[in-house]
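Work through these exercises with the model open beside you. Try each task before you read its solution.

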Amino acid sequence: MSTSHPVIEIRALHKRFGAVHAVAGVDLAVERGELFGLIGHNGAGKSTLFKLLLGLIAPTSGDIHVEGKSLRGAAFREVRRHLGYLPENVVLYDNLNGRETLRFFADLKGVPRAQCDGVLERVGLGDAGRRRVREYSKGMRQRLGFAQALLGQPRLLFLDEPTNGLDPEGIREFYAILHALRESGVTILLTSHILSEIQQRVDRLAIMKSGRIQAVGTVQQLRESTDLPLKVSLRFARGDDGLQALLRTLPARTLRFDAGEATLQCTRQAKMEVLTALTALNGRVLDLHVREPSLEDVFLGHASEEPR
Amino acid sequence: MARLALRPIAVIAGKEFRDRVRNRWVLVVGLLFTAFALVIAYFGAAQQGTVGFRGIEITIASLTSLVIYLVPLIALILGFDAIVGERERGSLDLLLSYPVTRLELLLGKFLGLAGALAVSTVAGFGAVALLLARQLSWNDAWHYAGFVLSSVLLGMSFLSLAIAVSVFASERTRASGLAIALWFFFVLVFDLLLLGALVASGGAIGTDVFPYLLLLNPADVFRVLNIFTLEDVRVFYGLATVFPERLADPWLLGGVMSAWIVAPLCLAYWRFRI
């Protein structure tokens, strides 16, 4: 990851729609080559923030700089040419085929039409390019939407719920492309409701609530910031009922103890003490597994906090 | 603010135009115009007991009445969902995320649709001119060309209104309702209101104001443009007494018609810009 200026820089951003404060003072910086996730409940302000970042709506106040330039200034076209966007509910033109769709968007972006076939191939639609979009499945439409975002080798990608309608194989291929793009220095900002899907794949993420950024960081940093308990699952020999009394001496709460299995819950600070004690029970504890709070746990923890 | 670029306008206009050619809109409307124009040219005087081509001036006068009803309706139907349709489908944000300004998008939409309307109008009425070619003098052909051109301008002015409707309306259904309301107002209600005002005021709204009020309706401008430039028809309709000669100048009326094209587009842009 580069240490140069952030690709996206947002300062004190506000957007009001009448009485609704959709974006309420957002400060955020996304570095070049980052795969950055934006998560939040419906109505948290993610889509509004996306629209502000794309220059589709004007902020009430605050600054947005993309690659150091304003989206609404003289560099408008230059910034847009290096930007790809996949909307949440991508609706393309049913009367065109896949190839014609890409050619239209390529023309609009000023990209050579010769790129279209390669991009179609890349998203797995090489054989479907001459079929009308109206015959496409939801997953194929999503792939075509992704293809138009990739036209012109963008330096910055905005992807709103990009895996909607994709099957597991499609999701895997999609993230493989994203990781390849990230390796080549493309900055990617994405939203997703499927938190388990993005927790292993994003570099950093921000949690939005009521128009504000509640927390920002790597998944691990966010876990640590919430101080959510960890769960330790262990397996022991059936009939070793004496173990339960021993577990009670640990700085952990026993959630379950039966049929040779137990689940404990402890704070992050107590984690090593608990693990050390359990490891010392070698022979009596047959197996153990530590489960960190999931991104969903972290999200729900932050989402339940009062907005900052 | 970014400078206006021709490329995105041409790309969007090209797509709109091609879409109308591919879905046979241009062909169907062109054939419709040809069929109506032929029927009117040959059977327009059937009520007077004669059938056959009776001369270009009477044909144009009959066609004018048809065009006033038909062309605004077709133009409004063509353009009412140009923007609101994209917005409702969710493709507007995608288009605007490209290196295209809102003004370029509006102009591209307008020009593409206007091109489709113009081609079908010129081809539709032009086919009739070809069929009647032997019976037309150069002067007749000149008058007929003027009629076709003014029909195109009329279509564009209502298309411009339709684009404005498509920007102001929040939903397609509302846009269609608004478009139909505009058609009723300009094609059916406006003249009735003027006549009502004339009668109610006991003629106080007379020849001084009345002609200028007609300019507030592109359908009336079209009617005046076609009827007042044809000597026989002007006398036949008895309107020479209420419309001053100086306002009947085709260039002036063409200018007013052009203003009716530009003004709604400006209004649409004012509303559409962020």
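**Exercise 1. Is Phe17(A) buried, partly exposed or exposed, and what surrounds it?**

Solution. 
- Step 1: Take the relative accessibility of Phe17(A), which is 41% in this predicted model.
- Step 2: Apply the cut-offs. Buried means under 20%, exposed means over 50%, and partly exposed is in between. Phe17(A) therefore counts as partly exposed.
- Step 3: Phe17(A) belongs to strand S1 of chain A, residues 8–17.
- Step 4: List its contacts, setting aside neighbours within four places in sequence. Phe17(A) touches Ala22(A), Thr48(A) and Ile57(A).
- Step 5: Gln200(A) is 183 residues from Phe17(A) along the chain, and their C-alpha atoms are 35 Å apart.

**Exercise 2. Glu67(A) and Ser210(A) have positive phi values. Where does each residue lie, and how accessible is it?**

Solution. 
- Step 1: Start with Glu67(A). Its phi is about 50°, and it is not a glycine.
- Step 2: Locate Glu67(A). The loop that holds it runs between strand S4 (61–66) and helix H2 (76–81) of chain A.
- Step 3: Classify Glu67(A). Its relative accessible area is 17%, so Glu67(A) is buried.
- Step 4: Turn to Ser210(A). Phi is near 50° here, again positive in a residue other than glycine.
- Step 5: Locate Ser210(A). It sits in the loop between strand S8 (204–209) and strand S9 (212–217) of chain A.
- Step 6: Classify Ser210(A). The relative accessibility is 37%, so Ser210(A) is partly exposed.

**Exercise 3. Describe the build of chain A: its domains, secondary structure and span.**

Solution. 
- Step 1: Domain 1 covers 8–224 and domain 2 covers 229–292 of chain A.
- Step 2: Find the separation. The C-alpha centres of the two domains of chain A are 43 Å apart.
- Step 3: Count the elements. Chain A has 11 helices and 13 strands.
- Step 4: Take the span. The C-alpha trace of chain A extends about 75 × 45 × 35 Å along its principal axes.
- Step 5: Look at the contacts. Consider pairs in chain A at least 6 apart in sequence; 69% of these contacts join residues at least 24 apart.

**Exercise 4. What do burial, surface and charge look like in chain A?**

Solution. 
- Step 1: Take burial. Of the 308 residues in chain A, 53% are buried.
- Step 2: Take the surface. Chain A exposes about 13,800 Å², with 48% supplied by carbon and sulfur atoms.
- Step 3: Take the charges. Chain A carries 42 positive and 36 negative charges, and their mean positions lie 5 Å apart.

**Exercise 5. Where does Ser65(B) lie, and how far is it from Ala219(B)?**

Solution. 
- Step 1: Locate Ser65(B). It is part of helix H3 of chain B, residues 56–79.
- Step 2: Classify Ser65(B). A relative accessibility of 33% makes it partly exposed.
- Step 3: Compare sequence with space. Ser65(B) and Ala219(B) are 154 residues apart in sequence, and 9.9 Å apart from C-alpha to C-alpha.

**Exercise 6. In which helices is the confidence lowest and highest in each chain?**

Solution. 
- Step 1: Take chain A. Its mean pLDDT is 89, and 98% of its residues reach 70 or more.
- Step 2: Confidence is lowest in helix H11 (295–303), at a mean of 80, and highest in helix H3 (98–109), at 96.
- Step 3: Take chain B. Its mean pLDDT is 88, and 91% of its residues reach 70 or more.
- Step 4: The lowest is helix H11 (231–237), at a mean of 57; the highest is helix H1 (6–22), at 96.

Technical notes:
Residues are numbered from 1 along each chain as its sequence is written. Chains are lettered from A and ligands numbered from 1 in the order in which they are written. This is a predicted model: local features need pLDDT of at least 70, side-chain atom pairs count only at pLDDT 80 or more; totals for chains, interfaces and linings use all residues. Side-chain values use heavy atoms; hydrogens and water are left out. pLDDT is the predictor's confidence in each residue, from 0 to 100. Helices (H or I, at least four residues) and strands (E, at least two) are DSSP runs, numbered from the N terminus. Domain bounds come from an automatic or database domain assignment. Buried means under 20% relative accessible area, exposed over 50%, partly exposed in between (1.4 Å probe, protein chains only). Contact means heavy atoms within 4.5 Å. Accessible areas come from the Shrake-Rupley method with a 1.4 Å probe; for residues, only the protein chains shown count as cover. Lys and Arg count as positive and Asp and Glu as negative; His and the chain ends are not counted. The place of a charge is taken as NZ of Lys, CZ of Arg, CG of Asp or CD of Glu.
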